[in-house]
Amino acid sequence: MDFGKKEKVLNYACQTYQLSRPNKVGVVMALIRECQPQTIKEWEKWYFENAHTEAKTKIKITKESLDELGERLYEKITEVVIPEWQTAFTQLTLQDCIDYIYNLTINRTFDGFIREKSVVNDGLAKIFPDIEFEESDPELDHAGDIDYIARIGSKVFGIQIKPVTSKANFGSYSATERMKASFADFESKFGGKVFIVFSLDGEIANKEVIFEIEKEISRLG
């Protein structure tokens with residue numbers, strides 16, 4: 001389907017309000033790989049027969065439940081997104097644009113660089129002193145999703161570092177289907193999983209990931 005210029009708005013609202021996450025539509029990439037369909041009709045039929053929400057209480061996904069998500073998307077766009085954007089458009093200035101580009105290029109890049117260094121050098125490297133963490137090669141196919149790699153013999157596992165604020169609920173974070181596909185491809189090529197480490201003021205916020213990495217090191221070792 002071609003949504004034309006509306007696609008940007010649909011993508012923005014759908015991602016902002018997490019309406020295409022596994023807890024809403026299931027783990028679609030895993031499902032379609034399991035199905036291995038030859039036609040879209042075959043995939044559609046198999047999806048509605050097998051898909052469930054990825055949550056503690058799993059709910060079977062139906063055409064009606066997808067319609068409901070579409071209705072919620074429409075409500076969010078018309079009641080929240082459009083009014084917010086209209087306000088932003090009327091208040092936007094040339095100086096805002098100049099400041100934004102500068103801030104994005106200089107300030108945020110520096111902040112992200114320091115944050116990554118702190119999480120790895122002051123966190124992971126001290127927790128796992130026998131493992132050498134190195135920055136991902138920019139030419140690596142997965143460089144956009146993998147910030148650091150760690151080698152264990154011939155195997156490699158990956159680290160993605162995501163910033164969170166003190167008010168952020170990273171517990172509800174779910175990787176996009178594209179990222180999941182990228183992580184799965186990385187694992188098939190290099191043998192190790194990819195772990196998302198949340199950084200809060202340069203420290204590891206999701207402490208449970210340390211145990212998961214420890215298990216992966218044992219598995220690969």
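**A tour of the sheet and its salt bridges**

Begin by selecting helix α8 (residues 208-220), which lies across β2, β3, β4 (191-200) and β5 and runs at about 160° to β4. The model is predicted; its mean pLDDT is 88, with 92% of residues at 70 or more.

Next, select the strands. They form an open sheet of 5 in the order β1-β2-β3-β4-β5, and the pairing is mixed. At the edges are β1 (133-135) and β5 (203-204), each of which pairs on one side only.

Strands β2 (residues 148-152) and β3 (residues 155-163) are antiparallel, with 5 bridges between them. Select Arg-151 to find its bridge partner in β3, Val-156.

Is β4 mostly covered or mostly uncovered? Of its 10 residues, 8 are buried, so strand β4 is mostly covered, buried meaning under 20% relative accessible area.

Continue to the pairing of β4 with β5, which is antiparallel and has 2 bridges. Leu-200 faces Glu-203 of β5 across this pair. The β4-β5 hairpin has 2 residues between its strands, and Asp-201 adopts a positive phi near 55° there.

The tour then turns to charged side chains. The model contains 10 salt bridges. Select Glu-135 and Lys-117, whose side chains form one of them at 2.9 Å, N to O. This pair links distant parts of the chain, since Glu-135 belongs to strand β1 and Lys-117 to helix α6 (residues 94-127), 18 residues apart. Glu-135 is partly exposed, at 44% relative accessibility, and Lys-117 is also partly exposed, at 27%.

Return to helix α8 and select Glu-212 and Lys-215, which are 3 residues apart, about one turn of the helix. Their side chains meet in a salt bridge of 3.6 Å, N to O. Glu-212 has 33% relative accessibility and counts as partly exposed; Lys-215, with 43%, is partly exposed as well.

Which residues are linked in a network of salt bridges? Select Glu-187, Glu-216 and Arg-219 to display this network.

As a last stop, select Lys-58 and Glu-54, whose side chains form a salt bridge at 3.6 Å, N to O. Glu-54 is partly exposed, with a relative accessibility of 42%.

Technical notes: Residues numbered from 1 in each chain as written. Predicted model: local features only at pLDDT ≥ 70, side-chain atom pairs only at ≥ 80, totals over all residues. Heavy atoms only, no water. pLDDT = per-residue confidence, 0-100. Pairing = 2+ DSSP bridges. Helix = DSSP H or I, 4+ residues; strand = E, 2+ residues; numbered from the N terminus. Contact = heavy atoms within 4.5 Å. Axes fitted to C-alpha atoms, helices over the stretch in contact; angles between N-to-C directions. Buried < 20%, exposed > 50% of the residue type's maximum accessible area, 1.4 Å probe, protein only. Salt bridge = Lys/Arg side-chain N within 4 Å of Asp/Glu carboxyl O.
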